[in-house]
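Visitor: I would like to learn how to read a structure feature by feature. Can we take one and go through it together?

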Amino acid sequence: MSETLRFQNDLERNYARSLASYLLTGGEASLEQAYELGRMKLTGGSGVLDMVNLHHAAVTSILDHDSIPGPPLETIRKAGEFLAESMSPFEMTHRAVGEANAVLRKLNETLEEEVQRIALALHDDAGQLMVAVHLSLDEAVRELPAEAQARMSGVRTLLGLVEDRIRDLSRELHPPMLDHLGLAAAVEFLAANVGQRTGLRITVDSTLDERLPPAMAIVFYRIVQEALTNVRRHARATRVRIRIGKSGRLLRCSVSDNGVGFDPARIVHSNPAGLGLRGIRERLHALGGKLRIQSAEGRGATLEVTAPLQVMHADSTSARRRSSRGPGRTARHS
Ligand SMILES: Nc1ncnc2c1ncn2[C@@H]1O[C@H](COP(=O)(O)OP(=O)(O)OP(=O)(O)O)[C@@H](O)[C@H]1O
Ligand SMILES: [Mg+2]
């Protein structure tokens, strides 16, 4: 018999013994035992259902073999107390996870506020400076001979390009259309810009026909942003396909490329320096979502994220603001 199995059997026997002792004589010591046994089950990787099954098996065996004095209802009540005590480590863990998720959500919001601040500063401050540069240039150019003026028009064109680039970057950082038109439109905008900058052919297919809660939309937008950055930096791909839609009660989004691919298992364990995929996991965790990566060397990569819609839809304000956009949108950017 394996060590783990023996340990489980001992645990089950101890549980039944402590429960029987509690039913017969009561007492704090048995309840402390219940708590300790629950804690051991939890650290051994058991879930709530395992615990209930263990309890059920113990109650059945006690009722078969032991004679418990007192009315049956009293026995059931005490067995319930014992079970509740053994479950309290699970309850505490459940609460701790809830609290950790709340902290993660708060952290996401703080990060978002910071990104918005940078986006605005980039847009407004850099924008104002560029206007000042244009004005000074106009003034300086006016005093130059005609031939030099013609040459300066090239500089003006370049400055115009810098201005456009800054504006695009600030919009990419926090696209106003995410708030006004929703996730699909913002991702299309991002895809168009990235496609233009990198030469990647990026397709966006969205069947999303409802407006998402803002906190969810921004997380998915950031994930697509990081996925595209990864494709640009690591994949040596020529094509990317982004899909957004619902499946059942889940929001699903995938980013597939036709690049060099990688071994996700190796990355998870051997690349602690990379923050991108870790950041995606953490952002998703706060939404109760999941990340799945399908990739193999030489065979491209697909990053798929899902998160339950209903949790976020509990936020009634967002549920009210439904999008008027129809389903089946497809856009191509290259
Ligand atoms: N689409 C992809 N194609 C090929 N390799 C990828 C792709 N996406 C991720 N990877 C691999 O996974 C690794 C981890 O990605 P991750 O985004 O976590 O970190 P990073 O991009 O290296 O650094 P950071 O995101 O912190 O700037 C990358 O270094 C790369 O080796
Ligand atoms: Mg990255």
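Visitor: Which residues coordinate the magnesium ion (ligand 2)?

Guide: A note before we start: this model is predicted. Glu 226, through OE, and Asn 230, through OD1, coordinate the ion at 2.1 Å. Water is not among the atoms, so the site may look incomplete.

Visitor: Where do Glu 226 and Asn 230 lie?

Guide: Both sit in helix H8, residues 214-235. They are four residues apart, about one turn of the helix.

Visitor: Is Asn 230 buried or exposed?

Guide: Buried means under 20% relative accessible area. Asn 230 has 18%, so it counts as buried. Glu 226, at 22%, counts as partly exposed.

Visitor: How many salt bridges does a search of the whole structure find?

Guide: The search finds 18. One of these salt bridges joins Asp 10 and Arg 13, at 2.9 Å from N to O. Both residues lie in helix H1, three residues apart.

Visitor: What does the salt bridge between Glu 112 and Arg 283 tie together?

Guide: Their closest N and O atoms are 3.5 Å apart. Glu 112 is in helix H4 and Arg 283 in helix H10, so the pair ties together parts 171 residues apart in sequence. Glu 112 is buried at 7% relative accessibility. Arg 283 is buried too, at 15%.

Visitor: Where is His 174 found?

Guide: His 174 is in the loop between helix H5 and helix H6. His 174 is buried, at 13%. Beyond its neighbours within four places in sequence, its contacts include Glu 112, Asp 179 and Arg 222.

Key:
Residues are numbered from 1 along each chain as its sequence is written. Chains are lettered from A and ligands numbered from 1 in the order in which they are written. This is a predicted model: local features need pLDDT of at least 70, side-chain atom pairs count only at pLDDT 80 or more; totals for chains, interfaces and linings use all residues. Side-chain values use heavy atoms; hydrogens and water are left out. Helices (H or I, at least four residues) and strands (E, at least two) are DSSP runs, numbered from the N terminus. Buried means under 20% relative accessible area, exposed over 50%, partly exposed in between (1.4 Å probe, protein chains only). Contact means heavy atoms within 4.5 Å. Donors are N, O and S atoms within 2.8 Å of the metal (3.2 Å for Na, K and Ca); water is not among the atoms, so sites may look incomplete. A salt bridge is a side-chain nitrogen of Lys or Arg within 4 Å of a carboxyl oxygen of Asp or Glu.
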